[in-house]
Amino acid sequence: MADPLHQFKIEKIVDLPDVTLPGLGSVDLAITNSHVAMTVAFAAIVLFLTAVTSNAQVVPGRLQTVGEGVFGLIDNLTESIIGHEGRKLFPFVFTVFTLILGMNFLGLMLAFTATSQIAVTATFGVLTIGLVLIIGFAKHGLGFFKLFVPSGVPWVLLPVIILIEFASFLLRPVTLTLRLFGNMMGGHVALKVFAGFVAAAVIGKIGLLGLLVGPLSIGMVTALTALEFLVAFLQAFVFAVLTCIYLNDVVNLGHGH
Amino acid sequence: MDAAAAKLIGAGLATLGMIGAGIGVGNIFGSFLTGALRNPSAAASQIGNLFVGAALAEALGILAFVLGILIYSA
C-alpha cells in the first residue's frame with residue numbers, strides 16, 4: 001500500500017538556481033508543488049472577488065450573494081468581537097480567512113494542501129501574533145504589559161497569574177499553527193488510509209474479504225470527504241475568530257474582558 | 001525489543017492523548033445542545049463561543065497527534 005504521508009512531500013516542479021541573500025544565507029528559489037497550490041488559491045480568490053464585485057447590483061444575483069455572505073460573515077465577526085475599532089482590522093482578518101479557506105478547499109480538490117505544511121501555517125500564526133504585538137506596543141507603549149495583569153486579582157495570587165497569562169500568550173501562535181496544520185493533515189491522512197483499503201480490495205490483495213471491505217471503505221471515503229469540507233470551512237472560521245479575539249485583547253486593553 | 005517496533009508503539013501510544021480531546025469536544029457540543037434545547041432563542045448568539053471552545057479543546061488533542069507524527073517520522 002502507498003504511504004499515506006507521501007502526499008505531503010514537497011516536490012520541485014521548476015528548479016531555479018539558489019540565491020544567496022545577505023543575513024539569510026543560501027535560499028532555494030525552486031517552484032514547488034506547495035508554491036503552485038498557494039498561487040492557485042490566491043488566483044482563485046482574486047478571480048472570485050473580481051467576479052463578485054465587477055457587476056455589482058442593488059439586488060444581488062447568485063454569485064454576488066455568496067460574495068456578500070463571506071464579506072458579511074467576517075464583518076460581523078470583527079464588529080461583534082472587537083467593536084467599533086474592528087473596521088480597521090477587517091482587511092487583515094478577511095485576507096487571512098479567505099486565503100486559508102481557499103487553500104483548504106483547493107486541497108480537497110487538487111493533489112496538494114498548502115495548509116498541511118507547518119511552514120505555511122506557522123507563517124499565519126507568526127503574522128497574527130506579530131500584528132497583535134505591533135498594535136499593542138503602538139497603542140499602549142509599555143502599558144501593553146498590563147495584558148498579563150488581569151484586574152481584580154488578589155495580590156497574593158498575582159505572581160502565579162502573571163506567569164500563567166504570559167505562558168498562555170506565548171502558546172497562542174503555537175496552538176494557532178498546530179491546530180490548522182493538525183486538522184488538515186489528520187483529515188487527509190484518514191482519507192488516504194481508507195482510499196488505500198479500497199485499492200487493496202480492488203486488486204484482490206485481501207481476497208474475498210474485499211467484497212465487504214471495498215464498498216464499506218468507499219462509503220467511508222465519501223462521508224469523510226463531506227466532513228472534510230466542513231472541517232476546511234470551520235478551521236478557517238476558527239482561525240478568524242481567534243485572530244479577532246487576540247486582536248481585541250490589545251485593541252481594547254483595560255476596558256473589556 | 002526492536003527499536004523500530006518500539007518507535008511505532010510509542011507513536012501509537014502518543015496519539016492516545018486524543019481521547020481527552022474527544023471527551024472534551026463531545027462534552028462541549030453535548031452541553032451546547034442541552035442548553036440550546038431548553039432555550040432555543042439564545043442558542044444562535046452562542047455559536048461563536050461554541051466553536052472557539054471546541055477549537056481550544058481540540059488543539060490539545062492535535063498536539064498529541066503531532067507528537068505521534070513526530071515520533072513516527074523521527
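Read along the sequence, chain B follows the pattern α-α-α. The model is predicted: local features need pLDDT of at least 70, side-chain atom pairs count only at pLDDT 80 or more, and totals for chains, interfaces and linings use all residues. Residues are numbered from 1 along each chain as its sequence is written, while chains are lettered from A and ligands numbered from 1 in the order in which they are written.

Chain B holds three helices and zero strands (DSSP runs numbered from the N terminus, with helices being H or I of at least four residues and strands E of at least two). Its radius of gyration is 17 Å, well over the 11 Å that the globule rule gives for 74 residues, so chain B is more spread out than a compact globule. The radius is taken over C-alpha atoms, and the rule is 2.2 Å times the number of residues to the power 0.38. The C-alpha atoms of chain B fill a box of roughly 60 × 15 × 10 Å along the principal axes. Buried residues make up 18% of its 74 residues (buried, 20 or more other C-beta atoms within 10 Å of the residue's own; exposed, 12 or fewer; partly exposed, in between; C-beta atoms placed from the backbone). Of the contacts in chain B with a separation of 6 or more, 89% involve residues 24 or more positions apart (contact, C-beta atoms placed from the backbone and within 7 Å).

Helix α1 of chain B covers residues 3-14. Its twelve residues reach 16 Å from first C-alpha to last, close to the 16 Å expected at 1.5 Å a residue (1.5 Å times one less than the number of residues). The number of buried residues in α1(B) is zero, so this helix lies largely in the open. The loop between α2 (18-38) and α3 (47-73) of chain B contains A44(B). A44(B) counts as exposed, with 9 C-beta neighbours inside 10 Å. The C-alpha atoms of A44(B) and I71(B) are separated by 42 Å, and the two residues are 27 apart along the chain.

An unreviewed UniProt entry lists residues 12-30 and 50-72 of chain B as "transmembrane region"; such annotations may be inferred rather than shown by experiment. Residues 12-30 of chain B are 84% helix and 0% strand, with end C-alpha atoms 28 Å apart. Residues 50-72 of chain B are 100% helix and 0% strand, and their end C-alpha atoms lie 33 Å apart.

Chain A has six helices and four strands, in the order β-β-β-β-α-α-α-α-α-α from the N terminus. Its C-alpha trace spans about 70 × 55 × 45 Å along the principal axes. Buried residues make up 27% of the 257 residues in chain A.

Ten residues of chain B are in contact with eleven residues of chain A. The chain B side divides into eight nonpolar, one polar and one charged (nonpolar, Ala, Val, Leu, Ile, Met, Phe, Trp, Tyr, Cys and Pro; charged, Asp, Glu, Lys and Arg; polar, the others, Gly among them).

The largest nonpolar core has 48 residues, of which I100(A), M103(A), A236(A), F239(A), A240(A) and C244(A) touch the most other members (core, buried Ala, Val, Leu, Ile, Met, Phe, Trp, Tyr and Cys joined through C-beta atoms within 7 Å). Elements giving two or more residues to this core include α6 (210-251) of chain A and both α2 and α3 of chain B. The largest share, twelve residues, comes from α6(A). Beyond its neighbours within four places in sequence, I100(A) is in contact with T115(A), F124(A), L180(A), A236(A) and F239(A).

Methods:
Two residues are in contact if their C-beta atoms, placed from the backbone, lie within 7 Å.
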